[in-house]
Amino acid sequence: MRVGVLTGGGDCPGLNAVIRGVVRKGVQEYGYDFTGFRDGWRGPLEGDTLRLDIPAVRGILPRGGTILGSSRTNPLKVEGGIRRIKENLGKYEVDALIAIGGEDTLGVAARLADDYGINVVGVPKTIDNDLSATDYTFGFDTAVGIATEAIDRLHTTAESHMRVLVVEVMGRHAGWIALHSGLAGGANVILIPEQRFDVDQVCAWVTSRFKASYAPIVVVAEGAMPKDGDMILKDSSLDSFGHVRLSGVGEWLSKEIERRTGKEARTTVLGHVQRGGTPSAFDRWLATRFGLHAIEAVRDGDFGKMVALRGTDIVRVPIADATAKLKTVDPALYEEVGVFFG
Ligand code: F6P
């Protein structure tokens, strides 16, 4: 048995831990051989491979990024893409494929499994934590830790200058990173994509925080939108899955706050620092377990499935279930943290 492995979409801390878990268990317990495909779906599409064996996965557990490389290549948009993937899997004698990715990568994996009969097992990853069917994705805990540390640091500089500090965090159309890091970091305002915000209300919270002689920290998710108006973007280019590049709302909001309150404001856009570097212990734990269970699914011939965390158990669910609907923040949960605003 030869198993192909690829990592697609935005990278995230913990990808290497999955690869290590898959290869270690696959070689040691099942005697499988592996082929790494480079740069997500580009690898099987173009037949670009990498040696993947136990020496190749030594020492990678704490390393961020992915030894396989990643990309947002969408084979469904490439002429003859599926045929080329099938031909290359045949050429390299790959019997099954483990696709580690988020909504887009797993969306392709579901189509390959359900419509084209390719033996695929999915592993969910994303710092955004927006995949249905799993309680958490790895990468999220690390991103929240990085954002929380940044907020802790911004408190002291904001207070020294009595300024507003607006922190823009990632998360695409889900507010999980903003909500968790904002709560953990003691932000005075948290704005998420799931609830449009009222700039006047934000300014009222900012003003009341100054009245209490503290400097306000406003955490804004990159996908958050004002009540009246559209998504605020610096750049409107699309990737091959049709996603726009988010970012810009933080800078816009700082300017609005300055204009409406007369207080000085600064913006910190955390950007890709949230995705880089070593994974947290929780993400290493989750990613490793996902890897061990993914190769077990291959051994069982349970294709078209994705491994998922439910409580403390790892279960298998149809890949299509994970991509059918985004997991967004429940309004009741957002309301719960509102007690700290202002
Ligand atoms: O999906 C993960 C993510 O980091 C989002 O939070 C963010 O909007 C996007 O990827 C950024 O993508 P890129 O690395 O292509 O700029």
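**View 1. The end of helix 6.** Helix 6 is followed by M162, a residue with a positive phi, near 50°. The model shown is predicted. Helix 6 covers residues 140–161, 22 residues in total. At 1.5 Å a residue, helix 6 should span 32 Å, and its end C-alpha atoms are 32 Å apart, so the two values agree.

**View 2. The buried residues of helix 6.** Which residues of helix 6 are buried? They are F140, T142, A143, V144, A147, T148, A150, I151, L154, H155 and A158. Their cover includes two helices, helix 7 (176–184) and helix 10 (281–299). Strand 6 (164–169), strand 8 (217–221) and strand 9 (265–269) are also among the covering elements.

**View 3. Helix 6 against helix 7.** The two axes are 8 Å apart, at an angle of about 45°. Helix 6 and helix 7 are therefore oblique to each other. Their crossing is right-handed. Helix 6 contributes F140, A143, V144, A147, T148 and I151 to the contact. Helix 7 contributes W176, I177, H180, S181, G182 and A184. By class, this contact of helix 6 with helix 7 has eight nonpolar and four polar residues, with no charged ones.

**View 4. Helix 8 against helix 9.** The axes of helix 8 (residues 199–211) and helix 9 (residues 249–261) come within 10 Å. They cross at roughly 70°, so helix 8 and helix 9 are roughly perpendicular to each other. This crossing is right-handed. On helix 8, V199, D200, V202, C203, V206 and T207 make the contact. Their partners on helix 9 are W252, L253, E256, I257, R260 and T261. The contact of helix 8 with helix 9 has seven nonpolar, two polar and three charged residues.

Key: Residues are numbered from 1 along each chain as its sequence is written. This is a predicted model: local features need pLDDT of at least 70, side-chain atom pairs count only at pLDDT 80 or more; totals for chains, interfaces and linings use all residues. Side-chain values use heavy atoms; hydrogens and water are left out. Helices (H or I, at least four residues) and strands (E, at least two) are DSSP runs, numbered from the N terminus. The expected span of a helix is 1.5 Å times one less than its number of residues. Buried means under 20% relative accessible area, exposed over 50%, partly exposed in between (1.4 Å probe, protein chains only). Contact means heavy atoms within 4.5 Å. Axes are lines fitted to C-alpha atoms, for helices over the stretch in contact, and angles run from 0 to 180 degrees between N-to-C directions. Angles under 35 degrees count as roughly parallel, over 145 as roughly antiparallel, 65 to 115 as roughly perpendicular and the rest as oblique. A crossing is left-handed if the near helix is turned anticlockwise from the far one by less than a right angle, and right-handed if clockwise. Ala, Val, Leu, Ile, Met, Phe, Trp, Tyr, Cys and Pro count as nonpolar, Asp, Glu, Lys and Arg as charged, and the others, Gly among them, as polar.
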